[in-house]
Amino acid sequence: MIVASRSQKRVDQVASLVYRPRLEMKKVLLIGAGGVGGVVAHKCAQHPEAFGEIALASRTVAKCDQIAASVRRRTGREIATHQVDADDVAQTVGLLRRFGPDLLVNVALPYQDLALMDACLEAGVNYLDTANYEPPEVAKFEYKWQWAYHQRFEQAGLCALLGSGFDPGVTNVFTAYAAKHHLDELRELDIVDVNGGDHGQSFATNFNPEINIREVTAPCRHWENGAFIETPSLSEQRSFSCPEGVGTFSIYRMYHEEMESLTRHFPTLRRAQFWMSFSPNYLRHLEVLQNVGLTSIEPVDYHGTAIIPLQFLKAMLPDPGSLGKGTTGRTCIGCIVRGLQNGKQKTVYLYNICDHAKCFEEVGSQAVSYTTGVPAMIGARLLLEGSWKRPGVWNMEQFDPDPFMDLLNTCGLPWSIVESDPLA
Ligand code: NDP
């Protein structure tokens with residue numbers, strides 16, 4: 001049974017009671033000119049009422065220039081471009097002082113999170129990212145390193161918003177929305193990320209190959225009765241039928257960072273699991289690459305030069321930013337939230353469906369970059385407008401979900417909610 005959707009007034013009214021934009025022109029600096037950076041630049045440019053001035057900086061300035069040219073062609077807006085090594089705090093501080101933004105949006109890699117947070121503290125600039133910090137030499141991501149910055153951001157009167165992509169990001173907001181409007185107590189959460197698209201390549205990843213393969217090959221962890229339980233990577237599999245004819249896919253349980261913050265902020269959760277779809281073709285290639293050692297992050301000696309096999313593999317694989325053209329099909333990402341309302345058991349499923357070809361037509365990117373870049377723009381907008389701004393370091397579910405849900409509907413990622421359990 002459908003309880004609400006973007007076309008139904010009740011939900012939109014709930015959200016619009018809260019969402020009161022303060023339209024001031026602000027300056028934003030985007031760092032990272034990959035697949036996601038391209039989408040954030042286009043989406044910010046589409047909203048001049050919120051983003052008065054936009055600059056884009058990255059390691060390779062030619063990629064920034066390419067994105068700026070596309071933004072100019074599609075929206076008529078100018079974006080300044082800069083070269084920066086985001087691992088070098090002093091370089092970023094220099095750029096922040098010259099440009100003077102209100103917010104730095106980090107869509108480089110998770111390795112840069114801490115250096116960019118340090119730079120923001122030094123230059124007095126607010127911070128937002130889409131993925132939590134991961135040390136380059138260990139394939140392990142955890143919020144503890146970034147949560148440790150809370151007091152410093154609080155004392156500086158600055159706001160850091162963590163994980164404003166889709167998952168993490170929208171999945172945190174979906175969960176908070178279910179808790180606010182549909183359930184008195186959350187008991188179980190299943191996040192399901194399906195990419196039903198076809199990019200026509202033998203093997204490619206939809207976002208940065210190094211980060212993607214580190215994430216997929218890591219041991220799985222899921223939350224069960226107050227603790228994370230570790231199981232071998234991709235060892236648990238289910239079949240999942242997406243709504244609206246997207247199709248039926250094999251989904252595999254894996255660890256994903258939003259479970260760490262969601263189980264902390266919704267402590268009544270007894271179980272939390274994350275599932276992602278993989279095609280047999282993707283898994284076959286991944287198995288061979290793993291077996292021959294090409295997914296390893298341990299340095300190997302190659303003719304006297306130490307190389308990291310996974311970084312070499314990344315150099316051989318298609319750039320995710322180039323996959324937009326020709327990618328067909330749709331993504332379907334959502335949260336199944338089970339719990340109690342008025343003492344009775346209830347389940348809601350909140351999801352978004354996004355079409356690869358339509359994203360390419362709008363901003364020149366496939367849907368995985370699009371579904372990450374749009375929430376980054378929305379988080380940036382709410383932070384700049386003040387409705388999602390508090391000194392300290394925050395996860396998405398710690399703010400009121402309503403204005404974010406409202407903007408998803410109007411900025412390209414409309415959502416639906418049904419009272420049913422697609423994993424039952
Ligand atoms: P890409 O690899 O396509 O882009 C990363 C960009 O960052 C590149 O332009 C790269 O520069 C730049 N970069 C890397 N290191 C540095 C550095 N030291 N200094 C300056 N720039 C640097 O990745 P994606 O666009 O696919 O992903 C971007 C981020 O989004 C990642 O953190 C990823 O984990 C996250 N993500 C989050 C999702 C979510 O739903 N929350 C989903 C998908 C991705 P160069 O071009 O020179 O290599």
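Q: Before anything else, when is a residue buried, and when is it exposed?
A: A residue is buried if 20 or more other C-beta atoms lie within 10 Å of its own, exposed if 12 or fewer, and partly exposed in between. Please keep in mind that this is a predicted model.

Q: OK, so where does Glu244 fall, buried or exposed?
A: Glu244 is exposed, because 10 other C-beta atoms lie within 10 Å, and the cut-off for exposed is 12 or fewer. Glu244 sits in the loop between β11 (237–242) and β12 (247–254).

Q: What about the phi of Glu244?
A: Phi of Glu244 is near 55°, which is a positive value in a residue other than glycine. Most residues other than glycine have a negative phi.

Q: And Asn342, what is its phi, and which loop is it in?
A: Phi of Asn342 is near 50°, again a positive value in a residue other than glycine, and Asn342 belongs to the loop between β16 and β17 (344–355). Asn342 also counts as exposed, because it has 7 other C-beta atoms within 10 Å.

Q: While we're on the backbone, which residues does a cis peptide bond join?
A: Asp167 and Pro168 are joined by a cis peptide bond, with omega about 10°. Most peptide bonds are trans. As for its place, Pro168 is found in the loop between β7 (159–162) and α8 (170–181).

Q: Let's zoom out. How many helices and strands does the protein have?
A: The secondary structure comes to 15 helices and 19 strands, and the C-alpha atoms fill a box of roughly 60 × 55 × 40 Å along the principal axes.

Q: What is its radius of gyration, and what would a compact globule have?
A: The protein has a radius of gyration of 20 Å, and this agrees with a compact globule, because a globule of 424 residues would have one near 22 Å. Buried residues make up 50% of the 424 residues. If we take the contacts with a separation of 6 or more, residues 24 or more positions apart account for 74% of them.

Q: Now the ligand, which residues come nearest?
A: There are 32 residues around the ligand, and Gly34, Val36, Ala86, Gly165 and Phe207 come nearest. The shell divides into 14 nonpolar, 13 polar and 5 charged residues.

Q: Which helix gives the most to that shell?
A: Helix α2 (residues 35–45) gives the most, with 3 residues.

Q: Is α2 itself buried or exposed?
A: Helix α2 is largely enclosed by the rest of the structure, because 11 of its 11 residues are buried. Among these buried residues are Val36, His42 and Lys43.

Q: What covers them?
A: The cover includes the strands β2 (26–31), β3 (51–58) and β5 (103–106), together with the helices α3, α13 (356–363) and α14.

Q: What does Ala160 touch?
A: Leaving aside neighbours within four places in sequence, Ala160 is in contact with Met117, Tyr127, Tyr149, Phe153, Val393 and Trp394.

Q: Last topic, which strands does β8 pair with?
A: Strand β8 is joined by 10 bridges to strand β16 (residues 330–341), and these two run antiparallel, while 6 bridges join β8 to strand β13 (residues 271–277), with which it runs parallel. To find these pairings in the structure, look for Ile191 opposite Cys335 in β16, and for Leu189 opposite Ala272 in β13.

Q: Why is β8 largely enclosed?
A: Strand β8 (residues 185–195) is largely enclosed by the rest of the structure because 8 of its 11 residues are buried.

Methods. Residues are numbered from 1 along each chain as its sequence is written. This is a predicted model: local features need pLDDT of at least 70, side-chain atom pairs count only at pLDDT 80 or more; totals for chains, interfaces and linings use all residues. A residue is near a molecule or strand if its C-beta atom, placed from the backbone, lies within 6 Å of it. Helices (H or I, at least four residues) and strands (E, at least two) are DSSP runs, numbered from the N terminus. Ala, Val, Leu, Ile, Met, Phe, Trp, Tyr, Cys and Pro count as nonpolar, Asp, Glu, Lys and Arg as charged, and the others, Gly among them, as polar. The radius of gyration is taken over C-alpha atoms; the globule rule is 2.2 Å times the number of residues to the power 0.38. Two residues are in contact if their C-beta atoms, placed from the backbone, lie within 7 Å. Two strands pair if DSSP finds at least two bridges between them.
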